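Hello,

Here is the structure for your set-up. My notes follow below it.

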Amino acid sequence: MQLRVVTDQPWDVKADVLAIPIVGEPAFDGPLGELNRRTGGELAALAAFGELRAKRFTSSIASSGELAVGRVLTVSAGDAAKLDRETVLHVGAAAEHRLGGRHARSLAIWLTPLADVLDGGVEAVAELVARGIVEGSFDPKSLYPDDDAGHVTIGSSRSGTQMPPILDELILVVPGADAAAAHKAAERGVIIGEGANHAKSLSNRSANDISPEVLAQEARDIATRHDLWIDVIEPDRARELGMGMFLAVGQGSDNPPRMIVMRSGGEGEKDALDRHLAIVGKGVCFDSGGISIKPADRMEEMKMDKIGACTVIAAIATVARLAPGTPLLALAPAVENMPGSHSTRPGDVVKALNGKWVDITNTDAEGRLILGDAMTYAETLGATHIVDVATLTGAVSRAFGHLITGAFGTPQGWYDDVMTAADKAAERYWQIPLLDDYVPDMESWYGDLQNSGSAEGSLIKSGLFLREFRTVPWAHLDIGGTGYFRKTTPWAARGATGVTHATLVELALAGAKA
Ligand code: BES
Ligand code: MN
Ligand code: ZN
């Protein structure tokens with residue numbers, strides 16, 4: 001996709017489609033009035049008809065009258081007072097997503113109505129809209145096209161489907177602005193969007209397609225492409241190292257586990273903020289629950305239990321594209337959680353890499369086991385700060401739904417640093433307390449702790465369990481609710497969402513060296 005920034009007025013732009021963001025109730029004075037006049041009054045007529053509404057992410061497609069574009073697409077951004085970075089990102093994504101199944105090769109989008117309101121102006125809007133348009137183009141149907149052997153090639157066959165169009169050209173229309181600065185910002189947005197799509201395409205792939213070894217091979221390919229160091233730890237070495245929790249989860253499957261470790265920058269090298277940051281992602285390629293088996297209803301969704309791993313692998317690649325050599329570790333413990341005669345049984349007691357004895361009372365609370373050993377290992381590699389990302393609990397989606405990620409962290413200063421990156425990334429989180437009073441509920445009859453207690457407060461207890469397996473500043477992002485959507489939204493297809501990718505990228509880039 002060619003990216004172009006033009007400082008022309010929107011009515012002078014040529015493209016297949018011109019997208020017009022509507023902020024608040026459409027008011028046909030100023031430039032929107034001029035656009036309306038040149039469409040022959042079409043926009044005002046649509047508004048009068050009730051088709052062009054102020055509700056966020058509603059959209060309409062109108063004829064273009066004497067404009068030099070094929071069609072006009074309006075996308076509502078809601079109230080000006082509530083316009084935040086996430087809304088701007090989703091306006092971009094909604095514009096592209098709305099064109100699903102339509103014939104469009106070039107899309108122009110007028111940024112002024114958004115830039116007039118959002119902090120950061122044209123540059124912030126250019127980055128977020130460009131990223132949104134890239135993210136909005138993703139559709140999981142592209143993963144398994146029926147006319148092509150290359151089953152992971154995104155968009156190899158889209159004709160006759162409702163998939164968003166592959167654009168030859170994206171034109172950002174910013175009359176009177178600094179085109180070079182807007183272009184630079186938009187390029188950054190495109191790269192972050194492509195990284196999120198990469199995470200989504202890995203995450204959406206089915207468990208018969210992506211085993212732990214296949215995920216490791218994907219990571220090796222990425223490492224080669226971006227000149228990253230990689231180490232894939234197989235079960236024999238994991239046993240020598242003492243990764244008892246990690247191995248306990250993987251041992252029930254014929255597809256053996258892989259601890260994937262990637263690094264950009266040097267061994268133990270500190271970044272500009274004096275950190276050796278590690279991002280750790282849960283990579284359960286399929287979570288049947290193991291012997292504590294899950295009910296059949298929606299079990300198919302548990303191929304999504306590797307989203308955390310796919311996200312950290314994509315994020316380190318994105319960081320390598322935007323600021324090569326930035327010190328960063330990515331760890332992705334990859335396993336299949338399956339029942340079988342070799343499986344861990346409820347009540348098995350194993351020794352974690354950090355030496356703690358863990359009583360596995362529920363084999364379906366497996367994410368915390370593999371993450372615990374991965375975090376300890378990250379510290380042995382010199383990590384001074386850790387963020388983990390995991391589809392860890394069902395409880396987080398019962399509490400927060402699909403639009404806000406539950407997060408934990410300690411100390412508070414580190415959590416706040418992660419949230420600064422989150423704000424920049426236009427992603428929403430809500431902090432959950434790590435309440436010490438619940439620690440006794442995780443006590444085991446035999447070991448130092450058990451992996452699952454009673455259902456009350458289980459979301460908090462999942463965080464308390466993880467907290468035992470790190471000694472450095474740590475934050476935990478539970479994407480059990482936000483990692484994938486069951487229904488399409490105006491801005492995104494069903495399936496994996498790419499959530500947290502941008503937060504991790506911004507967090508790492510905050511430490512990029514000049
Ligand atoms: N992967 C699941 C959590 C999950 C469920 C994420 C549904 C997204 C959608 C996790 O491994 C799990 O099974 N968690 C249990 C923990 C319990 C056994 C303590 C849960 O949430 O029920
Ligand atoms: Mn589970
Ligand atoms: Zn799981």
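**Aromatic pairs and the zinc site**

F469 is buried, with a relative accessible area of 2% (buried means under 20%, exposed over 50%, partly exposed in between; 1.4 Å probe, protein chains only). F465 is buried too, at 0%.

This is a predicted model: local features need pLDDT of at least 70, side-chain atom pairs count only at pLDDT 80 or more, and totals for chains, interfaces and linings use all residues. Residues are numbered from 1 along each chain as its sequence is written, chains are lettered from A and ligands numbered from 1 in the order in which they are written, and side-chain values use heavy atoms, without hydrogens and water.

Rings of Phe, Tyr and Trp (its six-membered ring) pair if their centres lie within 6.5 Å; planes under 30 degrees apart are stacked, over 60 edge-to-face, the rest tilted. The count is 4 aromatic pairs. The F465 and F469 ring centres are 5.0 Å apart with planes at 40°, so this pair is tilted. For F485 and W491 the centres are 6.5 Å apart and the planes at 85°, so that pair is edge-to-face. F485 and W491 are both buried. Together with F57 they form one aromatic cluster.

Now the metal site. Donors are N, O and S atoms within 2.8 Å of the metal (3.2 Å for Na, K and Ca); water is not among the atoms, so sites may look incomplete. D287 also coordinates the manganese ion (ligand 2), which is 3.1 Å from the zinc ion (ligand 3). K282 and D287 are buried.

Best wishes
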